Structures are given as structure tokens and as C-alpha cells.
Amino acid sequence: WIRLELSPTPGRFNTAMDRDPASGRLVRYGGWDGKGRVSDTWELQTGAWIRLALDGPPARNHAVLVSAPDRGSLLLYGGHDGDAVFEDLWELKAGRWTAITKAPPVPRVDNRH
């Protein structure tokens, strides 16, 4: 392990993160910023997190982001926005988010968490 000294970046809880197989860089999406869910995409570049200007999935936290080397992309699934649980699948490839499957969100069950 090596501690990285990075420039300050907005903090997140329950963000989704994985390595982009195409660029080799770490990517993070969404999460909770302490006030609400966010829909921003960040990439770890040399010494700093850089926010990417991308339109993509609706704001959410507790989603899963996985590397898909055979597709040369990242896949984002699920998560929730506090009221609804998402069952959609998104792909981040070549700097663009694309919806692969669209499904209507379902009501979230309050589990006091």
C-alpha cells in the first residue's frame, strides 16, 4: 500500500468505484454527499480526482460499478435515490454513459438504514 497525496475533492459516502479497463484509471460514480444523492463521474488522474462532464445515470448511492474488460468499459447497476431502487444497467465507454437496460425503479422499503 502507498498513500496517495491528492488534491482535495468533494467527499462521498456509498459511491461506486472501479478501474476502467480502457484507460487504466480509477473511476467513481455517484454516492451521497451529506446533503443528497449525486450523479457525477470522477476519474483519478495524475495526483487529482477530475470531474468528467458527462450526462449519465440518475443520482444514486449503493450502486455497483464493475470493470468489463471484454467490453472495454465499466458497468453500473442498481442503487437507490432514497425513495426508489433502480434496476437499470448503464455502460461507461469511451467517455460516454449509455443505458443498456431500462427498468422502472421500484419503491424502496424503509429498513431504518
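Strands E1, E2, E3 and E4 form an open sheet in the order E1-E2-E3-E4, with antiparallel pairing. A second open sheet of four strands runs in the order E5-E6-E8-E9, and its pairing is antiparallel. This is a predicted model, in which local features need pLDDT of at least 70 and side-chain atom pairs count only at pLDDT 80 or more, while totals for chains, interfaces and linings use all residues. Residues are numbered from 1 along each chain as its sequence is written, and side-chain values use heavy atoms, with hydrogens and water left out. Strands (E, at least two residues) and helices (H or I, at least four) are DSSP runs, numbered from the N terminus. Two strands pair if DSSP finds at least two bridges between them.

**Sheet E1-E2-E3-E4**

- The order of this open sheet is E1-E2-E3-E4, and because strand E1 (16-19) and E4 stand at the edges with a single partner strand each, one side of each is left without a neighbour in the sheet.
- From one strand to the next, the twist averages 25 degrees; axes are lines fitted to C-alpha atoms (for helices over the stretch in contact), and angles run from 0 to 180 degrees between N-to-C directions.
- Strand E3 (residues 37-45) and E4 run antiparallel and are joined by five bridges.
- Trp 42 stands opposite Arg 51 in E4.

**Sheet E5-E6-E8-E9**

- In the open sheet E5-E6-E8-E9, the edge strands E5 and E9 each pair on one side only.
- Neighbouring strands of this sheet are turned against each other by 25 degrees on average, direction ignored.
- Five bridges link E5 and E6 in the antiparallel sense, and Val 64 stands opposite Tyr 77 in E6.
- E8 and E9 also pair in the antiparallel sense over five bridges, with Lys 93 opposite Arg 96 in E9.
- Strands of a sheet pair through backbone hydrogen bonds, either parallel or antiparallel.

**Nonpolar core**

- The largest nonpolar core has ten residues: Ala 16, Val 27, Tyr 29, Ala 63, Leu 65, Leu 74, Leu 76, Trp 90, Leu 92 and Trp 97.
- At least two residues of this core come from each of strand E2 (26-32), strand E6 (73-77) and strand E8 (89-93).
- A nonpolar core is a set of buried Ala, Val, Leu, Ile, Met, Phe, Trp, Tyr and Cys residues joined through side-chain atoms within 4.5 Å; buried means under 20% relative accessible area, exposed over 50%, and partly exposed in between (1.4 Å probe, protein chains only).
- Not counting residues up to four places away in sequence, Trp 90 touches residues including Arg 60, Leu 74, Leu 76 and Trp 97, where contact means heavy atoms within 4.5 Å.

**Arg 60**

- Arg 60 lies in the loop between strand E4 (48-52) and strand E5 (64-68).
- Arg 60 counts as buried because its relative accessibility is 1%.
- Neighbours within four places in sequence aside, the contacts of Arg 60 include Tyr 29, Leu 76, Asp 88 and Trp 90.

**Positive phi values**

- Most residues other than glycine have a negative phi.
- Asn 14, in the segment before E1, has a positive phi near 55 degrees.
- Asn 14 counts as partly exposed, at 37% relative accessibility.
- Ala 94 has a positive phi of about 50 degrees and is in the turn of the hairpin formed by E8 and E9, which has two residues between the strands.
- Ala 94 is exposed, with a relative accessible area of 80%.
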